[in-house]
Structures are given as C-alpha cells and as structure tokens.
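Please look over the sequence and the model shown here before reading on. The paragraphs below lead through them step by step.

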Amino acid sequence: MREREDEWTDLMRSAISGDGAAYHRLLKAVTPVLRAAARRGLARAGQPVDQSEDIVQDILLAVHLKRHTWDANAPFAPWLFAIARNKLIDALRRRGKRVFVNIDDFAETLPGEAAEQTASAGEVAAQLQMLPARQREVLQSIAVENASIKDTAAKYSMSEGAVRVALHRGLASLTAKLRE
Amino acid sequence: MRMDTDQLIRALAADNTHRPRTVGFVLMLALLAAAPVSLLIFFAELGVRPDVMTAIHNPFFDLKFAVTIALAISAIAVSLHLSRPEASLRGFGWWLLVPAGLLAAGISGEMMMPQRVPMMTRLVGSNSKICMTAVPAMALPLLAGALIGLRHGAPSRPAVAGAIAGLLSSGLAAAVYAAHCTDDSPLFVATWYTLAAALMAAIGALAGSRMLRF
C-alpha cells in the first residue's frame with residue numbers, strides 16, 4: 001500500500017514537470033482503485049453499482065483540472081481521495097440521496113482490490129455531443145481515434161497550438177456541463 | 001459516440017501540456033480587478049478624514065490598519081490553504097487569531113490609559129451606521145473577486161472557504177474605510193468592524209456553498 005502510494009506521488013511529480021507518459025500511467029493506475037471505491041460508495045447508498053463509471057470519469061476530470069491544487073511536497077493519495085470523496089458525495093446527492101460517505105471508503109487502509117471496467121459510462125459521452133464542433137472533433141480524434149496532437153492538427157488543418165487549446169477547452173466545458 | 005474511461009484518460013494525458021496557474025496567482029488577479037470598484041466607492045462617497053496628518057500620530061488610528069490588514073493577510077493564507085481538497089481548518093485556523101490578538105492588545109492598552117470619554121461612548125462612537133454600510137459596500141466587489149479567484153481551487157468545504165473569503169474582503173475594505181472613520185477606539189473597532197466582518201462572512205458562506213463547489 002505504502003509503496004503503491006509512493007509510486008503515485010513520484011508519477012505525479014513527473015507529470016507536473018511535464019512528463020505526459022508518467023501522467024498517463026498514473027491515471028491508469030489510480031482508475032481501478034477509484035472504481036472500486038465508487039462501487040462501494042454506491043452499494044452502501046443502495047444505488048446500482050453500474051453507475052460507477054460515470055463517477056470514475058467525473059473524478060478523473062476533476063483530478064485533471066484541479067491538479068495545480070496538489071502540493072508537490074505532500075503525498076498524492078490523500079489529495080486524490082479527497083477529490084474522489086467530494087465527487088462521490090456530489091454524485092449521490094444528484095441522485096437524491098442524502099448520504100454521508102464514509103471516509104474509510106478512501107482511507108489509506110484501502111484494500112488492494114481493484115475493479116475492472118464492466119459497465120460503460122454515459123454522462124461524459126452524452127455531454128460530448130453538446131460541445132462546439134471543433135472541441136468535439138479534437139476530443140474524438142485524440143481520445144477515441146488515438147491520434148496525436150500533431151496528426152489531429154494535420155487532419156483538421158489547425159495549428160498544434162489551436163488543437164491544444166480546443167482540447168483543454170473541451171475538457172473544461174465537459175466538466176462544467178457535468179456539474180449542472 | 002462513446003467515450004470509455006481509457007479514452008478519456010488518453011485525452012487528459014494529452015492535455016498535460018496545459019500548465020494551470022496557481023490559485024494564489026488567480027486570486028491576486030481577481031482581487032486586483034475588483035479593488036478599483038471598492039476604491040471608487042470610497043473616494044466618491046467617503047474620502048480620507050481631513051485631520052489625517054495628525055491622526056497618523058495616534059497609535060490607535062494606526063492600530064486600525066494593523067488589525068484590518070492582519071485580518072486580510074491571514075484570511076488570504078487560510079483561503080489558499082483551504083483551496084486544497086484535502087485541507088481542513090485544523091492547524092491553520094489560528095492564523096485568524098492574529099488580528100483578534102492585536103485588537104485585544106489594543107483594547108487593554110486603551111484601558112490602561114486615562115480617558116476623557118466614557119467607555120460606552122467610545123464603543124458606540126459616531127460612525128457606526130456609516131461603518132456598517134460602507135465596509136460591506138466596499139467589501140462586496142472584493143468578495144466577488146475573491147470567490148471568482150478561489151473557484152480556481154478545489155475546497156472540500158465550500159461554505160467555510162466562502163466565509164473566509166468574506167473575512168478577506170471585509171479586512172481589505174475595512175483597511176480602506178479606516179482612513180475615513182474618526183472613531184479610533186479599539187472598542188469601536190472590536191464592535192462595528194467585527195459586525196461588518198461577520199456579515200460578510202455570512203454572505204461569503206452562502207455564496208461560497210454554491211460558487212466554490214468543484
């Protein structure tokens with residue numbers, strides 16, 4: 001457990017200093033843990049656990065857009081679990097449940113369980129349709145078609161800078177729409 | 001169109017080249033943008049008191065600035081701390097005791113000096129109504145700025161963070177208002193400035209619980 005969390009902290013430090021591959025690895029590594037916690041939270045609130053993937057994606061977007069609030073001298077896991085707890089509470093509230101998420105759901109004693117994705121997420125995909133065409137195309141190209149920023153720029157005759165801006169704006173407005 | 005989690009992660013990783021600004025930087029920008037509005041209210045409606053050149057030799061006049069600026073600085077420190085999701089007030093709330101301590105020291109200092117004016121008269125003063133309207137009026141634009149800046153953060157307790165933003169705005173507003181007000185007794189400050197700060201904290205808590213959720 002300690003080792004795993006130290007590894008996360010190292011990966012996040014590399015990510016903050018610009019290492020995109022480390023960032024990708026970190027997000028892949030935390031996702032199964034977040035998924036397990038989201039399922040546990042849903043189950044405890046008497047909600048169907050097949051909604052967990054929406055919560056996982058919501059958490060990942062918040063982690064991404066708020067990563068500047070992480071203090072690089074502090075361990076990463078408590079910050080991550082604080083974001084996750086907030087998002088889980090939000091999700092349960094939006095489903096009309098007044099629940100108190102047990103801190104132990106995300107505590108450091110979290111068991112090594114890691115859940116694979118079984119259900120698919122619908123909320124992010126649905127909001128994607130509402131984005132301006134340019135942002136949607138760029139997101140689709142990079143996320144779904146696995147194209148690089150360079151290839152995406154060539155395909156849509158945009159500069160790489162414009163692709164980066166559209167990608168960031170797309171992710172930010174996706175997050176804003178999810179909160180409505 | 002679908003977007004499974006691995007695909008979303010790919011998009012997030014590609015966006016890692018975007019370097020977000022710190023909350024402190026964004027908060028400063030937002031406060032600097034709001035400050036002219038408050039200063040406009042001050043110079044249009046109030047202005048600096050005419051005897052300011054003699055007043056600055058009065059330690060109790062100067063204390064008003066020390067207390068209010070201490071409140072603003074400690075509230076800025078606490079609100080930046082609270083903009084981290086894993087943070088709590090614990091271990092950081094004592095910052096807010098600094099302005100309270102200064103005020104308490106001022107009150108006991110004044111108590112030890114011979115006074116011509118009775119205590120209740122000093123406490124009630126002659127500007128309490130202006131104080132209670134001018135400080136919140138000047139604080140409101142600053143509170144709006146502070147909340148906009150703090151939206152860049154990720155507070156787990158948005159209402160608490162909003163209340164601290166209210167204290168921040170009233171500290172800054174009161175530091176400007178102090179140059180107008182002719183009531184210099186720490187008893188007046190402890191009563192009316194505190195009431196104005198409490199009002200702004202309440203407004204901040206209400207607004208924060210909506211605006212600062214992430």
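In this predicted model, 40 residues of chain A are in contact with 28 residues of chain B, two residues being in contact if their C-beta atoms, placed from the backbone, lie within 7 Å. The side of chain A that touches chain B takes at least two residues from each of α2 (20–44), α3 (52–65), α4 (76–94), α5 (123–128), α6 (133–144) and α8 (160–179) of chain A. Sorted by class, that side holds 21 nonpolar, 14 polar and five charged residues, where Ala, Val, Leu, Ile, Met, Phe, Trp, Tyr, Cys and Pro count as nonpolar, Asp, Glu, Lys and Arg as charged, and the others, Gly among them, as polar.

Two conventions apply throughout: residues are numbered from 1 along each chain as its sequence is written, while chains are lettered from A and ligands numbered from 1 in the order in which they are written. Since the model is predicted, local features need pLDDT of at least 70 and side-chain atom pairs count only at pLDDT 80 or more, whereas totals for chains, interfaces and linings use all residues.

How much trust does the predictor itself place in the model? For the complex it gives an ipTM of 0.89 and a pTM of 0.90. In terms of pLDDT, the predictor's confidence in each residue on a scale from 0 to 100, chain A averages 86, with 87% of the residues scoring at least 70, and chain B has a mean of 94, with 99% of its residues reaching 70 or more. Within chain A, confidence is lowest in α5(A), at a mean of 83, and highest in α3(A), at 94. Where pLDDT is low, the predicted coordinates should not be read in detail.

Chain A itself contains eight helices and zero strands, helices (H or I, at least four residues) and strands (E, at least two) being DSSP runs numbered from the N terminus. Of the 180 residues in chain A, 41% are buried; a residue is called buried if 20 or more other C-beta atoms lie within 10 Å of its own, exposed if 12 or fewer, and partly exposed in between, with C-beta atoms placed from the backbone. Among the contacts in chain A between residues at least 6 apart in sequence, 64% join residues at least 24 apart. One helix to look at is α3(A), in which 14 of 14 residues are buried. From its first C-alpha to its last, α3(A) reaches 20 Å, close to the 20 Å expected at 1.5 Å a residue, the expected span being 1.5 Å times one less than the number of residues.

Chain A is divided into domain 1 (2–120) and domain 2 (124–179), with bounds that come from an automatic or database domain assignment. Six residues of domain 1 of chain A are in contact with six residues of domain 2 of chain A, and on the domain 1 side these are three nonpolar, two polar and one charged.

The interior can be followed through its nonpolar cores, each a set of buried Ala, Val, Leu, Ile, Met, Phe, Trp, Tyr and Cys residues joined through C-beta atoms within 7 Å. The largest nonpolar core has 58 residues, and those with the most contacts inside it are Ile59(A), Leu60(A), Leu80(A), Ile83(A), Leu167(A) and Ala11(B). Two or more of its residues come from each of α1 (2–16), α2, α3, α4, α5, α6 and α8 of chain A, and likewise from α1 (5–14) of chain B. Leaving aside neighbours within four places in sequence, Ala11(B) is in contact with Leu139(A), Ile142(A), Ala143(A), Leu167(A) and Leu171(A). A second, separate core of 56 residues includes Ala70(B), Leu187(B), Val189(B) and Ile203(B).

Some loop residues complete the picture. His68(A) sits in the loop between α3 and α4 of chain A and is partly exposed because 18 other C-beta atoms lie within 10 Å; not counting residues up to four places away in sequence, His68(A) touches Pro20(B) and Thr22(B). Asn146(A), in the loop between α6 and α7 (149–155) of chain A, has a positive phi of about 60° although it is not a glycine, and Asn146(A) is exposed, with 11 other C-beta atoms within 10 Å. Ser157(A), in the loop between α7 and α8 of chain A, likewise has a positive phi, near 50°, and counts as exposed because it has 7 C-beta neighbours inside 10 Å. Most residues other than glycine have a negative phi.
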